[in-house]
Amino acid sequence: MPHNAMPFAAVDAHFHVIAPQEAFPQHPGRSYTAAEAPLERWRQTLGPLGVTRGVVVQPSFYGTDNRVLLRALAEGGGDVVGIAAVGADVGDAELAALVQAGVRGVRMAHFELGDPRRMGGFVMLADALAPLAPRLRAHGLHLQLLTDSRLLADIAPALRAAGVPVVLDHMGRTPAALGVQHAGMHALCALMDEGWLWVKLSGAANISQQPGWEDAGAVHRRLLAANAQRLVWGSDWPHTRSHGAVVHTGDLWQCLLDWTPDTADRRRVLHDNPKALYGLK
């Protein structure tokens, strides 16, 4: 067993699978073209660390075309489940088929007006949550949300009213340079205590501008201290980015170990919590 492998079956709760562009075109509004990243390469990268289960997340550059996701779920043989993207007009038969294939939730985003990420192929919360919420409940699906934690206070009533679990991407996606005492962090921690919000300890490289992402480590530690029972970890493999330094999975894994020194917390974040949230075997 590799030195850093876990003594239990760990779960990567956030990674992407990317097919060849010529076979599965990416969204025309994307800001960059992501390179091919097959499921087998994820297994080869994370497997030596003790990660044997995972959650494949629909990337924005595929919009609501879930074909690559569904192919990965079929290939995963029960070891992986999925987060799809659907529009407000999706039919119940399609939702049922997604659930049958292993989908556990649907992904949406909420950004401020003028944010260029609105053009990337995301399903926007304001357009889809209200019409979809009853059907998400009926099909046992949760909402995965990409937003800035500083926007949570405004959208919390709508999220609460949806009546489904909400899983927040990338530690709230707020610049780590703001520290851990801003209003968004306080709102995030308070909402976790209500019992319907989960947070992914992922995306350190997306919120940090520091070498070694140490400011993101402070966010990670703050969330652990707030409520370790509502956290899951994700690698964000293959680290698709339009700019910035190349991110290495091994470095992120070492950060996880350094920032989560308590063995009981590691088991919660990597095994117990994701198995409960995603219904993994």
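Visitor: How many of the 10 residues of helix H6 (residues 183-192) are buried?

Guide: This is a predicted model. In it, seven of the 10 residues of H6 are buried, so the helix is largely enclosed by the rest of the structure. The buried ones are Gly184, Met185, Ala187, Leu188, Cys189, Leu191 and Met192.

Visitor: What covers the buried residues of H6?

Guide: The cover includes helices H5 and H8 (214-227), along with strands E6 (166-168), E7 (197-201) and E8 (231-233).

Visitor: Where is serine 149 found, and which residues does it touch?

Guide: Serine 149 is in the loop between E5 and H5. Its relative accessibility is 2%, so it counts as buried. Setting aside residues up to four places away in sequence, serine 149 touches Gly172, Thr174, His182, Gly184, Met185 and Leu188. Gly184, Met185 and Leu188 are also among the buried residues of H6.

Visitor: Now the sheet. In what order do the strands of the open sheet stand?

Guide: Strands of a sheet pair through backbone hydrogen bonds, either parallel or antiparallel. Here the open sheet has eight strands in the order E1-E2-E3-E4-E5-E6-E7-E8, and the pairing is parallel. Strand E1 (10-15) and E8 are at the edges with a single partner strand each, so one side of each has no neighbour in the sheet. From one strand to the next, the twist averages 25°.

Visitor: Which strands are joined to E4, and by how many bridges?

Guide: Three bridges join E4 to strand E3 (residues 80-84), and six join E4 to strand E5 (residues 142-147). On the E5 side, alanine 109 is opposite leucine 146. Of the eight residues of E4 (residues 103-110), seven are buried, so this strand is largely enclosed by the rest of the structure.

Visitor: How many bridges join E6 to E7?

Guide: Three, and the two strands run parallel. Leucine 168 has valine 199 in E7 as its bridge partner. Helix H10 (residues 263-278) packs on the sheet, touching E1, strand E2 (51-57), E3, E4, E5, E6, E7 and E8. The direction of H10 makes about 110° with that of E8.

Visitor: At what angle do helices H4 and H5 pack?

Guide: Two packed helices are described by the angle between their axes and the distance between the axes. For H4 (residues 125-138) and H5 (residues 152-162), the angle is about 20° and the axes are 9 Å apart. That makes H4 roughly parallel to H5. Leu125, Leu129, Ala133 and Arg137 of H4 meet Ile155, Ala158, Leu159, Ala161 and Ala162 of H5. By class, the contact has eight nonpolar, no polar and one charged residues.

Visitor: At what angle do helices H1 and H2 cross?

Guide: The axes of H1 (residues 39-46) and H2 (residues 67-76) cross at roughly 55° and come within 10 Å. The two helices are therefore oblique to each other. Leu39, Glu40 and Arg43 of H1 make the contact with Ala72, Glu75 and Gly76 of H2. These residues divide into two nonpolar, one polar and three charged.

Visitor: Which residues of the largest nonpolar core touch the most other members?

Guide: Of its 83 residues, they are Met108, Leu143, Leu159, Trp213, Leu223 and Trp253. Beyond its neighbours within four places in sequence, methionine 108 contacts Val123, Leu125, Ala128, Leu129, Leu132, Leu143, Gln144, Leu145 and Leu146. Another core, of 12 residues, lies apart from the largest one and includes Val11, Val55, Val57 and Val167.

How values were computed. Residues are numbered from 1 along each chain as its sequence is written. This is a predicted model: local features need pLDDT of at least 70, side-chain atom pairs count only at pLDDT 80 or more; totals for chains, interfaces and linings use all residues. Side-chain values use heavy atoms; hydrogens and water are left out. Axes are lines fitted to C-alpha atoms, for helices over the stretch in contact, and angles run from 0 to 180 degrees between N-to-C directions. Helices (H or I, at least four residues) and strands (E, at least two) are DSSP runs, numbered from the N terminus. Angles under 35 degrees count as roughly parallel, over 145 as roughly antiparallel, 65 to 115 as roughly perpendicular and the rest as oblique. Contact means heavy atoms within 4.5 Å. Ala, Val, Leu, Ile, Met, Phe, Trp, Tyr, Cys and Pro count as nonpolar, Asp, Glu, Lys and Arg as charged, and the others, Gly among them, as polar. Buried means under 20% relative accessible area, exposed over 50%, partly exposed in between (1.4 Å probe, protein chains only). Two strands pair if DSSP finds at least two bridges between them. A nonpolar core is a set of buried Ala, Val, Leu, Ile, Met, Phe, Trp, Tyr and Cys residues joined through side-chain atoms within 4.5 Å.
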